[in-house]
Amino acid sequence: MSSSQAGPPDIAGLPGRRILVQRSDEEIVVQALDDAFVARPEASVVRFPAPWPRRRGTWEVAPDVSVAVFAGVHAVRAVEPSGATRWEVRHGCWYGACQEIHESYDEYADRQDHRYPDGGSVGFSLDGKLVWAHVRGPLPEGELNPDTVDEWLVLDAENGRVLARVNAEAAAAGSFHLAHPTDPHQMGLSIGEGQDGAPLRWGRWDGQKLDVDYLEGDLCLLSVSPSGERLMTVSHDQDSLAVRDSRGAVVEGLEWDAESVIPRHSDAPSGDDDEVPVYWDWAGGFVDEGTLLVSTVECDEEWGQSRHWLFDTSGTNGLVPVAYPTPVSCQPTALGNGAWLTLSESRDALHVWVLHTPEDCCTRRVLRRLW
């Protein structure tokens, strides 16, 4: 399989259940990893046939690698390694002008007006027993108003039964889920509405009722701390980075304005600061409970080398640049156990980094693409 047919590799899951994953148009390939990011010798590579091309939706693999769930244009579908459909929940079409409830992907696969639809996402709970799904309403049968734009569902991962549903109060272009790392009954949903905003939702399911916090402001949820007690967000306009409690309130002293904190790029021309804008990427996360990893790749790219930064949330060290032994050009992803990853320039390998000191980090392991 050529690299043009496959997306870049990625690491998913929480400590103890790490997996190396890669998606092509035809399948998802999964390899279980140990906490040193080495392939588990007892775990074989698992393949999940894909029901539609990767540009037509998002997906997530269960923590036990027993099933993959695909969030498509017209349905959420759970697929087993054999290719068998475990269950499917159909919903409204993510192409905005379409009012149909499609029966299958084949109905719109070749339609020009469905080539670039909006989309939702799915996320497994910590224990893999629940699937949270952000879908375009309405469902084929349901109690919500047919004019509902987006719905947030809690599904039984075993059979797809809808356990709860709420109006997401959004008009998404896309979204992603972030699971609580210690509580299988909590989930975060970060929604992108293009230039219109970035609604953030936090859900709690007690087995009977779904309670949702509709956080104020337009915020992108980047990470949940290892304890689950703190959230890391960046504002929609990328000017504000913050650490929040589980209800969305900013923790005192842990909010940073980009223009006040980020130093001017060393290769940027001198002169009016308005000509050299600085802003946070929508990337990064908790390296550990008290350390944030952030980046300014987007605003740096015009001037030269991309920069990543570490924040000690105790306020001791401030914003400290990460000193890599070789240059990096991509945005980072925090893994939450003292490590983070970056993608190689060729997009065919992952570099996993571990922190020694803010001035000294090294490559822990390089993971190659699965094809």
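**Reading contacts, burial and strand pairing**

Tutor: The side chain of T296 makes a polar contact with the side chain of D300, at 2.7 Å. This is a predicted model, in which local features need pLDDT of at least 70 and side-chain atom pairs count only at pLDDT 80 or more, while totals for chains, interfaces and linings use all residues. Residues are numbered from 1 along each chain as its sequence is written, and side-chain values use heavy atoms, with hydrogens and water left out.

Student: Is T296 buried or exposed?

Tutor: Buried means under 20% relative accessible area, exposed over 50%, and partly exposed in between (1.4 Å probe, protein chains only). T296 has 0% and is buried, whereas V38, with 30%, is partly exposed.

Student: What is the strand order of the open sheet?

Tutor: Strands of a sheet pair through backbone hydrogen bonds, either parallel or antiparallel. Strands are DSSP runs (E, at least two residues), numbered from the N terminus, and two of them pair if DSSP finds at least two bridges between them. This open sheet has the order β9-β10-β11-β12, with antiparallel pairing. Its edge strands, β9 (121-124) and β12 (162-167), each pair on one side only.

Student: How many bridges join β10 to β11?

Tutor: Seven. In β11, D156 is the bridge partner of L130.

Key:
Helices (H or I, at least four residues) and strands (E, at least two) are DSSP runs, numbered from the N terminus. A polar contact is a pair of N or O atoms within 3.5 Å; within protein, one must be able to donate a hydrogen and the other to accept it, and residues adjacent in sequence count only if both atoms are side-chain atoms.
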